[in-house]
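Reader: I have a model open and want to go through its packing. Can you take some questions?
Author: Go ahead.

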Amino acid sequence: MPESDADLRARIVTGAIEAYRAADFHTVGPAEVAAHAEVAEAEVRRVYPLWDILVVAVMDRWNNGSRRALWVVAERSGAVAYLRARLEAGMDDPALVRLRVALLSAASTPEHPAAGWFRSQYTRSFEDVTLALVRDVVAGREPRGASPRHAAEQLVALYEGLQLQSLLREDAEPLAGFDRAVARMRAGWAAAGATV
């Protein structure tokens, strides 16, 4: 029985993820994806006629899948624990971090074909962290003085900066750096609450 296009697309996305794990973002193309998916390159081009559509499908499965899978950490333990878990997951799968950084950079150009999608995904992720922080303040996991929006800006900047450093610095210790910075942030949030 021939493979359906939906099954073929899923197989190709899996192959693309493996291709990105094996090589630099800029060197992966339809031939590399086809080899990892064990399909003809013509099939990759047929079901994904635009390369950017395949890249969006890859990020939707890989990055958003990781984000959704770890959301239970936010529900159970809060935004800080969630971002720490995502940082740790990125250390375990640095290819995803490399791809995400490369795509966010490319998508920062308004003319990029997938800029709108990447920006909306970024905004959604930021809003998720903000919402988790609202819950954390209400539940008493974070100080009453913490402004969820400002805290989200700080935490997301810390998370992203440490991810980038983990790719570029051999001596980087992202989890220890995260823990140290969060301790200082929380002290500042608590101090802000004391003056309110």
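Reader: Which residues in the largest nonpolar core touch the most other members?
Author: This is a predicted model. In its largest nonpolar core, which has 29 residues, they are Y82, L83, V129, L133, L155, L158 and F178.

Reader: Which elements give two or more residues to this core?
Author: Those are α4, α5 (79–92), α7 (115–139), α8 (148–168) and α9 (174–194). The largest share comes from α8, with seven residues.

Reader: Take L158. What does L158 touch, not counting residues up to four places away in sequence?
Author: F178, A181, V182 and M185.

Reader: And what does the second core include?
Author: That core is separate and has 28 residues, among them I17, V47, M59 and L96.

Reader: I17 is in that list. Which residues of α1 are buried?
Author: L8, I12, V13, G15, A16, I17, A19 and Y20. They pack against α2 (30–37), α3 (41–47), α4 (51–77) and α6 (94–107).

Reader: What span should α1 have, and how far apart are its end C-alpha atoms?
Author: Helix α1 covers residues 5–22, which is 18 residues, so at 1.5 Å a residue it should span 26 Å. The end C-alpha atoms are 25 Å apart, which agrees.

Reader: Changing topic. Is V80 buried or exposed?
Author: V80 counts as buried because its relative accessibility is 9%, and the cut-off for buried is under 20%. V80 sits in helix α5.

Reader: What is V80 in contact with, leaving aside neighbours within four places in sequence?
Author: D136, E142, L155, F178, V182 and R186. As for A183, it lies 103 residues from V80 along the chain, yet their C-alpha atoms are separated by 10 Å.

Reader: How do α5 and α7 pack?
Author: At an angle of about 140°, with their axes 8 Å apart. That makes α5 oblique to α7, because only angles over 145 degrees count as roughly antiparallel.

Reader: Which residues meet there?
Author: From α5, A79, V80, Y82, L83 and R86; from α7, S125, V129, A132, L133 and D136. By class, the contact has seven nonpolar, one polar and two charged residues.

Reader: Last one. What is the phi of E38?
Author: Near 60°, a positive value in a residue other than glycine. Most residues other than glycine have a negative phi.

Reader: Where is E38 found?
Author: In the loop between α2 and α3. E38 is exposed, since its relative accessible area is 64% and exposed means over 50%.

Key: Residues numbered from 1 in each chain as written. Predicted model: local features only at pLDDT ≥ 70, side-chain atom pairs only at ≥ 80, totals over all residues. Heavy atoms only, no water. Helix = DSSP H or I, 4+ residues; strand = E, 2+ residues; numbered from the N terminus. Expected span 1.5 Å × (residues − 1). Buried < 20%, exposed > 50% of the residue type's maximum accessible area, 1.4 Å probe, protein only. Contact = heavy atoms within 4.5 Å. Core = buried A, V, L, I, M, F, W, Y, C linked by side-chain atoms within 4.5 Å. Axes fitted to C-alpha atoms, helices over the stretch in contact; angles between N-to-C directions. Parallel < 35°, antiparallel > 145°, perpendicular 65-115°, else oblique. Nonpolar A, V, L, I, M, F, W, Y, C, P; charged D, E, K, R; others polar.
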